[in-house]
Amino acid sequence: MATFLYRLGRGAFRRRRLVALAWVALLFAAVFGAATAPAPSSGSFSIPGTEAQRAFDLLEERFPGMAADGATARIVIKAPDGAKVTDPATKTEVQKIITGLKDGAGADQIASVADPYEAQAVSQDGTTAYISTKYKVSGMELTDETREALKESGKDAQAAGLTVEIGGDALMAAPESGPGEIVGILVAAIVLVITFGSLIAAGLPLLTALIGVGIGVSSIAALANALDLGTTTSTLAMMIGLAVGIDYGLFIVSRYRAELAEGHARDEAAGRATGTAGSAVVFAGLTVVIALVGLAVVNIPMLSKMGFAAAGTVVIAVLVALTLVPAMLGFAGRTVLPAGKKSKLFGKGKTLAEGVEPKPNGGTRWARFVLRRPVLVLLVAVIGLGAIAIPASKLEMGLPDDGAQPVSTTQRKAYDLLSDGFGPGFNGPLMVVVDGDQKLADATVERIKGLDGVAAVTPPMPNEAKDASIINVIPKDRPSSVETEDLVHEIRAGNGKNVLVSGQTAMNIDFSQKMNDALLPYLTLVVGLAFLLLMLVFRSILVPLKAALGFLLSVVAALGAVVAVFQWGWLGSVFGVEQTGPIMSMMPIFMVGVVFGLAMDYEVFLVTRMREAYVHGERPGQAVVTGFQYSARVVVAAAVIMIAVFSGFIGSSEQMVKMIGFGLAIAVFFDAFVVRMAIVPAVLALLGHKAWWLPRWLDRILPNVDVEGESLRKHLAETSPKGSEDSDKGKGKGKDRELVSELIELVSD
């Protein structure tokens with residue numbers, strides 16, 4: 001593989017104009033496709049194999065005009081102190097709202113508007129009422145005109161002194177990420193400048209990553225309507241694609257500078273960088289792709305589509321790193337070196353002298369410190385992450401509703417008004433669908449009335465054929481409570497196959513259960529495949545095992561931090577968490593998938609340098625030092641960049657995106673700075689030669705992918721290229737050791 005990638009990188013460098021033109025053309029084609037494609041829908045949401053989904057399917061069949069998956073809205077009206085909503089003046093204002101909805105803008109998308117006085121939607125104390133509105137389409141498919149008409153529907157009533165707030169998924173809108181993403185990119189740019197000491201070298205990974213993400217996200221937008229991808233599918237692709245795109249470009253550029261420092265011609269340096277660092281990029285990208293594609297194991301179409309879309313963007317990022325980055329290096333010339341140094345260090349005829357030992361840099365000093373105290377470092381790191389992971393034992397999962405919205409939003413205010421006026425369970429009614437005659441429906445009502453935790457049960461509402469009915473059940477407790485979940489299970493326990501429990505609350509419970517059931521199979525699949533992949537890369541059993549265990553420690557610690565911030569509220573104000581509550585049910589499996597792929601990036605880039613040194617004769621301890629000497633600074637920069645990019649999504653208005661951004665950022669921090677920088681060298685120091693042990697029979701079976709580039713070195717030794725376009729007309733004969741030492745220190749530090 002290294003030889004093939006060497007030829008690919010060298011060819012891209014030599015034919016840089018053609019390569020750059022091809023990628024720019026691809027970007028324009030993707031952007032044009034996105035601009036001309038039909039607007040994407042919200043994407044269908046289903047949970048195959050669950051009772052809630054079977055109930056929705058039955059509703060579609062037996063109540064065809066009901067629009068079971070249509071958006072809903074509740075316009076909550078509260079009378080001022082001393083007045084009631086049954087007063088004539090208030091009734092007049094309520095009727096104006098109803099008439100405005102039925103006859104105003106967006107009325108063609110409305111399925112029904114219920115009069116609160118006829119639907120018994122008035123609280124017992126007479127101070128609160130609500131207008132229930134049902135739409136024909138989902139919340140994300142509502143037009144801006146319809147949504148705006150809903151928002152404006154209560155303005156006149158508010159002017160008359162009434163409190164009017166609106167809840168429900170009809171106000172659902174695409175997440176707003178705010179300025180945080182831009183700040184994250186700016187931080188990444190600053191880190192790159194500090195790392196490389198050159199604006200050109202810093203700009204290359206950023207530019208190529210933006211091109212790759214632009215192609216990926218635009219392609220998703222172009223195919224969204226045709227493939228039912230939905231409007232939120234690109235969020236994960238943008239988040240992951242941008243982070244890995246910058247990192248992969250960073251590793252190629254860094255290795256290119258190191259190859260230049262060894263005196264190679266520029267096209268030769270580009271080929272060698274792509275053949276060595278590019279091999280690590282390929283396998284790191286494969287681990288990310290495996291983790292994302294593996295989300296299909298959960299068998300939730302929406303999550304599978306997000307995983308496939310993000311995986312496609314990662315593949316594009318890998319291809320960009322292997323072709324466009326070498327091409328852009330050809331355009332950059334020697335400006336990738338720090339200003340003021342390149343002319344001095346790379347004057348005509350200047351080359352590297354052999355046998356010059358570079359001065360110890362930060363990575364070298366840290367590695368030597370760990371090698372002197374491996375047990376202490378290992379204990380501190382493991383105990384520290386273990387302590388942070390403790391809150392994960394109290395993890396409560398669910399899906400956010402309007403009760404998780406910021407207290408300043410109208411959705412949250414409507415939620416609180418309904419809870420105060422009608423009881424906390426009113427915000428999460430259960431919908432029981434009876435597939436049978438009236439007798440079965442009546443018997444079901446009587447049985448449910450006798451259960452604890454039930455506040456109210458409505459009479460059965462049959463369909464036209466009288467062969468199915470709907471029963472609404474109001475729990476006593478809030479939708480996300482354990483008591484409501486127990487009630488759902490209790491109702492289901494006494495039902496036959498002809499009585500199904502559904503509704504948003506039941507759907508959330510089923511979703512959470514499905515995620516829990518899929519976590520272990522998913523973890524087994526992803527970690528197992530990646531373990532085999534890392535065995536190919538490192539020719540070892542213990543190194544991949546150590547990588548997997550270290551990942552598990554970092555991801556559990558990250559979950560502990562998520563629980564502490566989003567569930568317990570610790571430092572919640574710092575991260576803009578206005579309302580605590582259960583952790584999003586997809587968060588654990590989502591973090592396992594994404595963080596595992598990213599964690600293996602650092603493992604591959606850091607340990608392949610160690611493996612390379614070990615294969616070429618260095619003792620295990622010295623190989624660890626060598627790996628840190630050449631890779632630590634770059635891995636740290638890559639981690640800081642990823643943390644900056646992910647942290648940018650913490651500013652999102654959507655609680656789900658905010659939580660994902662925080663979780664991924666803190667997980668990368670733990671994995672890069674604690675696991676890879678502390679636990680990895682400590683474990684390798686304790687294992688010594690055993691770390692690289694592989695049974696002979698297994699060594700014969702496993703194909704040799706040659707990530708350390710041994711076959712490439714043999715190939716280059718046999719061919720011995722003398723020069724090429726853009727080469728430097730020979731290697732020169734300079735022997736200035738002080739100059740060479742300064743150059744090596746510059747590149748490695």
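**H9 against H11**

I started with helix H9 (residues 233–261) and helix H11 (residues 301–332), which pack at an angle of about 25° with axes 8 Å apart. My axes are lines fitted to C-alpha atoms, for helices over the stretch in contact, and angles run from 0 to 180 degrees between N-to-C directions. Helices (H or I, at least four residues) and strands (E, at least two) are DSSP runs numbered from the N terminus. The angle makes H9 roughly parallel to H11, a label for angles under 35 degrees. I noted the crossing of H9 past H11 as right-handed, meaning that the near helix is turned clockwise from the far one by less than a right angle.

Next I looked up who makes the contact (heavy atoms within 4.5 Å). H9 brings residues including Ile240, Val244, Tyr248 and Ile252, and H11 brings residues including Ala310, Val314, Ala317 and Ala321. By class, the contact residues of H9 with H11 are 17 nonpolar, 5 polar and 1 charged. Here Ala, Val, Leu, Ile, Met, Phe, Trp, Tyr, Cys and Pro count as nonpolar, Asp, Glu, Lys and Arg as charged, and the others, Gly among them, as polar.

**A note on the model**

This is a predicted model, where local features need pLDDT of at least 70 and side-chain atom pairs count only at pLDDT 80 or more, while totals for chains, interfaces and linings use all residues. Residues are numbered from 1 along each chain as its sequence is written, and side-chain values use heavy atoms, with hydrogens and water left out.

**Cores**

Which residues have the most contacts inside the largest nonpolar core? They are Ile240, Tyr248 and Phe646, in a core of 182 residues. A nonpolar core is a set of buried Ala, Val, Leu, Ile, Met, Phe, Trp, Tyr and Cys residues joined through side-chain atoms within 4.5 Å. Buried means under 20% relative accessible area, exposed over 50%, partly exposed in between (1.4 Å probe, protein chains only). Helix H22 (residues 655–687) gives the most to this core, 20 residues. Apart from that core I found another, of 20 residues, among them Ile75 and Leu171.

Beyond its neighbours within four places in sequence, Tyr248 touches residues including Val281, Val288, Asp601 and Phe605.

**Two positive phi values**

Asn299 has phi near 65°, positive though it is not glycine. I found Asn299 in the loop between helix H10 (266–293) and H11, and it counts as partly exposed at 41% relative accessibility.

Lys466 also has a positive phi, near 60°. Lys466 sits in the loop between strand S8 (461–462) and strand S9 (469–475), and at 56% relative accessibility it counts as exposed.

Note on methods:
Parallel < 35°, antiparallel > 145°, perpendicular 65-115°, else oblique.
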